[in-house]
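Subject: Structure handover

Hello,

Here is the structure I promised to pass on. My notes follow below it.

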Amino acid sequence: MITHEDIERLIRSALPDARVQTYDRTGTSDHYNVTVTSSAFSGKPLLDQHRMIYAALSEALKDGRLHAVELKTEANK
Amino acid sequence: MTQDLKQSIQDEIAAHKILIYGKGTKQAPRCGFTLETIDFFNQIGFPFEVLDVLGNDAKRQALTEMTNWPTLPKVFINGKFYGDTDILGPMLESGELERVIVDAFADVKA
């Protein structure tokens, strides 16, 4: 299980300007929809934008706190 | 990662125009995201293959290293890695996915 605050903290440690929205899909705090908006995405392919978030969340994915993420990324305009 | 394992994965990717590595099979998906991906490609209508790697840790690890992508499912189209439906969904909306798939199947038309 992981909280919104922990997800936000992990992502902001990699992308300090990130706006992080989460939605607990299952009510079990381990399957989340995560939407991230950051200037760090600008000019990067979607695949690489998602890799940046998976890298930031890798610790939580590995130790099982976070089981699954549906990810959406957007570059700041 | 052994070279044999890497080679067998590359052979699988080359053998299928659209290939999904997932958890479970088409008939019995064992993960919500794998099911979602199967539904996604059923709606698109081109033939695709699903390979179950749920019980094969060595292969999952090899796939993760080859793609630099930690999660399942993993989708390959025409030999190229495209992530999962979080990537393919926006590509479908923009029309890019149709171009990629039509291009992938261009040489199999009679």
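In this predicted model, helix α1 (residues 3–15) of chain B packs against helix α3 (residues 57–67) of chain B: their axes come within 10 Å and cross at roughly 75°. Angles of 65 to 115 degrees count as roughly perpendicular. That is why α1(B) is roughly perpendicular to α3(B).

Which residues make this contact? From α1(B) come Leu5(B), Lys6(B) and Ile9(B). They meet Ala58(B), Lys59(B), Ala62(B), Leu63(B) and Met66(B) in α3(B). By type, the contact of α1(B) with α3(B) has 6 nonpolar residues, 2 charged and no polar.

Next, chain B as a whole. It holds 5 helices and 4 strands. Starting at the N terminus, the order of elements is α-β-α-β-α-β-β-α-α. The C-alpha atoms of chain B fill a box of roughly 35 × 30 × 25 Å along the principal axes. The radius of gyration of chain B is 14 Å. A compact globule of 110 residues would have a value near 13 Å, so chain B agrees with that.

Buried residues make up 29% of its 110. Take the contacts between residues at least 6 apart in sequence: 62% of these in chain B join residues at least 24 apart.

Last, a helix in chain A. Helix α2 (residues 46–56) of chain A has these buried residues: Leu46(A), Gln49(A), His50(A) and Ile53(A). Seen down the axis of α2(A), they fall within an arc of 95°, so they line one face of the helix. What covers them? The cover includes α1 (4–14), β2 (31–38) and β3 (68–75) of chain A. It also includes α4 of chain B.

Over to you.

Best wishes

Definitions and conventions
Residues are numbered from 1 along each chain as its sequence is written. Chains are lettered from A and ligands numbered from 1 in the order in which they are written. This is a predicted model: local features need pLDDT of at least 70, side-chain atom pairs count only at pLDDT 80 or more; totals for chains, interfaces and linings use all residues. Axes are lines fitted to C-alpha atoms, for helices over the stretch in contact, and angles run from 0 to 180 degrees between N-to-C directions. Helices (H or I, at least four residues) and strands (E, at least two) are DSSP runs, numbered from the N terminus. Angles under 35 degrees count as roughly parallel, over 145 as roughly antiparallel, 65 to 115 as roughly perpendicular and the rest as oblique. Two residues are in contact if their C-beta atoms, placed from the backbone, lie within 7 Å. Ala, Val, Leu, Ile, Met, Phe, Trp, Tyr, Cys and Pro count as nonpolar, Asp, Glu, Lys and Arg as charged, and the others, Gly among them, as polar. A residue is buried if 20 or more other C-beta atoms lie within 10 Å of its own, exposed if 12 or fewer, and partly exposed in between; C-beta atoms are placed from the backbone. The arc is that of the directions from the helix axis to the C-beta atoms. The radius of gyration is taken over C-alpha atoms; the globule rule is 2.2 Å times the number of residues to the power 0.38.
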